[in-house]
Amino acid sequence: MPRLLDETGQMILTHRGRSFSRRDLWWLLSCLVLICAGLGLGFWQIALLRPRYGLLASYYRVEVWFLMAYFFLLILLASFIYRISTGRRFFSIYENGLRWRIKGFRVHQASFDQITGIAAAETEHRFLGKAIQNDYQSVIYLKYGRVVELDSRLENLPELVRAIKNQFYPKIYPTLLQEFKAGRQLQFGPLAVQNGSLQVAKGVPASVFLAEPPKPKGMRSLPFSEIVDLAVHSGYLVVK
């Protein structure tokens, strides 16, 4: 890994690209079975047809099985190369900034002063009413409209996002407190805080929330005088 600039400080945490998962291994094994099945059926039929039609004619009669085997071989090679390339990914947290390689071979870095916000969303996929998979995504917003998109191809992404927030939020807290006391509205994705009230969006789809700094519509205003308690439960903000 290239040497980090001195002003970014010491490394705190590094998460790398995911290694082969059980689902990846099942996919690779399925491709191998289909390749062997195509080749096996092809050679078996050639052995049956060769005495009657000859080698070349027999091959053309059963070439569909070999084409199937070549097709899944290409898929297998492409999947293997893709997983090796994603394994080169990393995202590191330092005392004063971040360093990452998500796409390609170039290593990027940004100080916490360049970060304008962090958004995260978890999408639950269901089949026949049952949850089958959860996809976790996050976006780091940088100055000048730049974004860094993170997804589950990084190991333990929720833990990584929490660690980034633990380093980022304390650094911006004094500025946020000053703006809050000055009466300015503070926007936190689907939530907005201003002197005297908490504004909550009725709903923000994960795709919209992650695509750009969200500007929720249909905000519901809750005066602080009507709020008894605030708590975080299972990743949700509960307002009583």
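So, how many of the chain's residues count as buried? Of its 240 residues, 29% do, where buried means under 20% relative accessible area, exposed over 50%, and partly exposed in between, with a 1.4 Å probe and protein chains only.

Quick caveats. This is a predicted model, where local features need pLDDT of at least 70, side-chain atom pairs count only at pLDDT 80 or more, and totals for chains, interfaces and linings use all residues. Residues are numbered from 1 along each chain as its sequence is written, and side-chain values use heavy atoms, leaving out hydrogens and water.

The chain has 4 helices and 13 strands; those are DSSP runs, H or I of at least four residues for helices and E of at least two for strands, numbered from the N terminus.

Okay, helix α1. It covers residues 22-53, 32 residues in total, and spans 45 Å from first C-alpha to last, close to the 46 Å expected at 1.5 Å a residue. That expected span is 1.5 Å times one less than the number of residues. There's a bend of about 35 degrees at A47, with a proline, P51, following within four residues; the bend is the angle between axes fitted to the seven residues ending there and the seven starting there. Just after α1, G54 has a positive phi of about 90 degrees.

Which residues of α1 are buried? D24, L28, C31, I35, G38, G42 and I46. Remember, an α-helix has 3.6 residues a turn, so residues three or four places apart point the same way.
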